[in-house]
Amino acid sequence: MMTSTGILYQEYSKLHYGRMLWKYPDFRQRLLRHWTDPRHPHADRFKEWRPEVERILESPKGSDEELDRELRQRGLSLRVVVKEIPSVFGDFF
Amino acid sequence: MPRRELKNGRQVHDWITAVARRISQPANLTLIGSAALLWHAHDRGIAAELPEASMDIDPLTDSDEVARICFEGLIGSEFEKDHGFHINLMPDAVLNEFPLDWQQRAVVRQIGLLKLTMPSAEDLLAPKLKRHDPRDIKHAEWAKDIGLLRQKT
């Protein structure tokens, strides 16, 4: 139950819909506010991973294989970075 | 803890209707999972409730507008507090788990600007039965018992 790059669908959903809505400044700001909110349990971790997460959210649909190859050259993978996209949850989004 | 109060097709139908009313551009919406089974039951006038209620509706969409609406209903949201279930967006890649020709058997409805696609009950159960989850097996038996299936699974 995973994509061709080995990512569980549930995880991949964060990239799929994150990419879709990242292009809207209002939504992007809303996500960033949520992910950096002290109430978000992964806020500190997001600070550490933010450049990589933002980069894949800015990437076009269909670029997964290319991104994965590039990330692997740096000891990462698309699977690893997708896991670092924080979830959206709770009543403070 | 996520609420688990999605048990009848009316709840799914009402959510789809609410989404259709809010959009201003044509949009595609496909549902998978137990919520889609409930929708089929409701669509056929069957009032049976799921043996174990579900916690979410699993939609796929190509629409920015619909995706935004779905984000309002994610786990822990006010929507969940009000409705007793949440929205769990799924990527279109999940349809790779369905039989190749699932679209030929799907039910398609136009609701205002919203084009709703519901895979057949048989196709909805195909990925569920691969997981061997006891709840999924119960849902498959329920679908069979209430007559949603055209053939034995």
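This is a predicted model: local features need pLDDT of at least 70, side-chain atom pairs count only at pLDDT 80 or more; totals for chains, interfaces and linings use all residues.
Helices and strands here are DSSP runs, numbered from the N terminus, and a pocket is an open set of grid points with protein on both sides within 12 Å along at least five of seven lines.

Which elements each give at least two residues to its lining? From chain A come α1 and α2; from chain B come α2 (34-43), β2 (56-61), β3 (86-87), α6 (121-131) and α7 (134-145). The top contributor is α1(A), with 7 residues. In all, 43 residues line this pocket, and those nearest its centre are A:Gln10, B:Asp56, B:Asp58, B:Asn88 and B:Met90. The volume comes to about 1,100 Å³, and the lining splits into 23 nonpolar, 10 polar and 10 charged residues.

Now for the second largest pocket, at about 380 Å³. Closest to its centre, out of 22 lining residues, are A:Lys61, B:Leu60, B:Thr61, B:Asp62 and B:Asp92. Once again α1(A) takes the largest share of the lining, this time with 5 residues.

Chains A and B have 4 salt bridges between them, and 13 residue pairs are in polar contact across the interface. On the side of chain A that touches chain B, α1(A) gives the most, with 8 residues. Overall, 22 residues of chain A contact 26 of chain B, and the two chains bury about 1,900 Å² between them, 59% of it on carbon and sulfur atoms. A:Met1, A:Tyr9 and A:Tyr17 supply 33% of the area chain A buries there, more than any other three residues.

Key
Residues are numbered from 1 along each chain as its sequence is written. Chains are lettered from A and ligands numbered from 1 in the order in which they are written. Side-chain values use heavy atoms; hydrogens and water are left out. Contact means heavy atoms within 4.5 Å. Buried area is the accessible area (1.4 Å probe) that two parts lose on being put together, summed over both. A salt bridge is a side-chain nitrogen of Lys or Arg within 4 Å of a carboxyl oxygen of Asp or Glu. A polar contact is a pair of N or O atoms within 3.5 Å; within protein, one must be able to donate a hydrogen and the other to accept it, and residues adjacent in sequence count only if both atoms are side-chain atoms. Helices (H or I, at least four residues) and strands (E, at least two) are DSSP runs, numbered from the N terminus. On a 1 Å grid over the protein atoms alone, a cavity is a set of points where a 1.4 Å probe fits but cannot get out, and a pocket is an open set with protein on both sides within 12 Å along at least five of seven lines; lining residues have an atom within 4 Å of a point. Grid points are joined across faces, edges and corners, and a volume is the space filled by probe spheres set on the points. Ala, Val, Leu, Ile, Met, Phe, Trp, Tyr, Cys and Pro count as nonpolar, Asp, Glu, Lys and Arg as charged, and the others, Gly among them, as polar.
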